[in-house]
Amino acid sequence: GYGFASYRIPILGTRIEAGGWYSSAGYPELNSTGGALATVEQPLPWVEGWTLAADWWSGENAIGYLSAGFIYSLSHWTVYAAYSLKNGDSKGNGGLIELGYTF
């Protein structure tokens with residue numbers, strides 16, 4: 001599970017989030033573990049629907065990544081494309097594409 005607080009800077013539209021996460025034994029590590037998480041999103045006002053974004057989950061485990069890229073939203077659809085850097089182990093780096101639909 002995870003929880004975080006979010007704040008949008010009114011003039012810039014920048015959204016900043018920070019919080020923490022916890023996982024029971026067996027998913028990211030053999031033992032239960034937890035850590036910090038943070039997100040920054042900056043809408044790009046000169047191109048409608050595009051946002052520059054980055055998120056980070058702490059820890060050198062299965063979910064410990066820094067992912068930076070772009071979000072594109074069009075109607076009900078959202079696409080997130082990023083490059084993910086594994087915390088502490090460059091062999092886990094790679095591209096990330098997520099597709100979402102809002103009902």
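Strands here are DSSP runs of E with at least two residues, numbered from the N terminus. The model is predicted, so local features need pLDDT of at least 70 and side-chain atom pairs pLDDT 80 or more, while totals for chains, interfaces and linings use all residues. Residues are numbered from 1 along each chain as its sequence is written, and side-chain values use heavy atoms, with hydrogens and water left out.

Strand 7 is the top contributor to a nonpolar surface patch, giving 3 residues. The patch consists of Trp 77, Val 79, Ile 97, Leu 99, Tyr 101 and Phe 103, with about 750 Å² of accessible area together (Shrake-Rupley, 1.4 Å probe, only the protein chains shown counting as cover; members have over 30% relative accessible area and no salt bridge, and nonpolar side chains are joined within 5 Å; a salt bridge puts a Lys or Arg side-chain nitrogen within 4 Å of an Asp or Glu carboxyl oxygen). Phe 103 sits in the segment after strand 7.

A pocket is an open set of points on a 1 Å grid where a 1.4 Å probe fits, with protein on both sides within 12 Å along at least five of seven lines, and lining residues have an atom within 4 Å of a point. Among its lining residues are Thr 39, Asp 55, Ile 71, Tyr 80 and Glu 98.

At the other end of the strand numbering, strand 1 (residues 2–8) and strand 2 (residues 15–23) run antiparallel, joined by 7 bridges (pairing takes at least two DSSP bridges). Ala 5 has Ala 18 as its bridge partner. The hairpin leaves 6 residues between the strands, and Gly 13 in the turn has a positive phi of about 80 degrees.

Technical notes
Helix = DSSP H or I, 4+ residues; strand = E, 2+ residues; numbered from the N terminus. Patch = residues over 30% accessible without salt bridge, like charges linked within 9 Å, V, L, I, M, F, W, Y side chains within 5 Å.
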